[in-house]
Amino acid sequence: WSSCLLHLTMGDGLRGVSAEQDGRFKSTEKKLLARMKFPAEFATKVDMRKVNLDIMRPWVAKKVTQFVGLEDDIITNMCM
């Protein structure tokens, strides 16, 4: 019993890999991305050092509110 408790408290209780680490899902992701069509603008590289995020944040927050229907700081921060 104590050894079982020790394993759970030491972090050995959960085993396995996430979907990102599992090789079975990578080929599926690549196939899905190959089938998707993206606008030509997505191929343009952006130097994020030149982007003023303080100016972008209110605009992103406004768009998130429009799409989701409510203000959501978590989604806004994920977009940034």
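Colleague: I am new to this structure and should like to start with its pockets. How much space lies in the largest pocket?

Modeller: The largest pocket holds about 180 Å³ of space. Please keep in mind throughout that this is a predicted model.

Colleague: Which residues line the largest pocket?

Modeller: The lining consists of Val 46, Met 48, Val 51, Leu 53, Met 56, Val 60, Cys 79 and Met 80. Helix α3 supplies the largest share of that lining, with three residues.

Colleague: Before we turn to that helix, how many helices and strands are there in the chain?

Modeller: The chain has four helices and zero strands. Followed along the sequence, the pattern reads α-α-α-α.

Colleague: How should one read the length of a helix, and what span should α3 have?

Modeller: The general idea is to compare an expected span with the distance between the end C-alpha atoms. Helix α3 covers residues 53-68, which makes 16 residues; at 1.5 Å a residue, the helix should span 22 Å. The C-alpha atoms at its ends are 21 Å apart, so the two values agree.

Colleague: What share of the chain do buried residues make up?

Modeller: Buried residues account for 5% of the 80 residues in the chain. The chain exposes about 7900 Å², of which carbon and sulfur atoms supply 62%.

Colleague: How far apart in space are Val 60 and Met 80?

Modeller: Here one sets separation in sequence beside separation in space. Val 60 and Met 80 are 20 residues apart in sequence, while their C-alpha atoms are 7.8 Å apart. Both residues also belong to the lining of the largest pocket.

Colleague: And how far are Pro 58 and Lys 63 from Thr 76?

Modeller: Pro 58 and Thr 76 are 18 residues apart in sequence, with 9.3 Å between their C-alpha atoms. For Lys 63 and Thr 76, 13 residues apart along the chain, the C-alpha separation is 9.0 Å.

Colleague: Finally, how many salt bridges does the structure hold?

Modeller: Side chains of opposite charge can pair when their charged atoms come close. The structure holds one salt bridge. Asp 47 forms it with Arg 49, and the closest N and O atoms are 3.0 Å apart.

Colleague: How accessible are Asp 47 and Arg 49?

Modeller: Asp 47 has a relative accessible area of 31%, so it is partly exposed. Arg 49, at 75%, counts as exposed.

Conventions
Residues numbered from 1 in each chain as written. Predicted model: local features only at pLDDT ≥ 70, side-chain atom pairs only at ≥ 80, totals over all residues. Heavy atoms only, no water. Helix = DSSP H or I, 4+ residues; strand = E, 2+ residues; numbered from the N terminus. Expected span 1.5 Å × (residues − 1). Salt bridge = Lys/Arg side-chain N within 4 Å of Asp/Glu carboxyl O. Buried < 20%, exposed > 50% of the residue type's maximum accessible area, 1.4 Å probe, protein only. Areas by Shrake-Rupley, 256 points an atom, 1.4 Å probe, with all protein chains shown as cover. 1 Å grid on protein atoms, 1.4 Å probe; cavity = no way out; pocket = protein on both sides within 12 Å on 5 of 7 lines; lining within 4 Å. Points joined across faces, edges and corners; volume = space filled by probe spheres on them.
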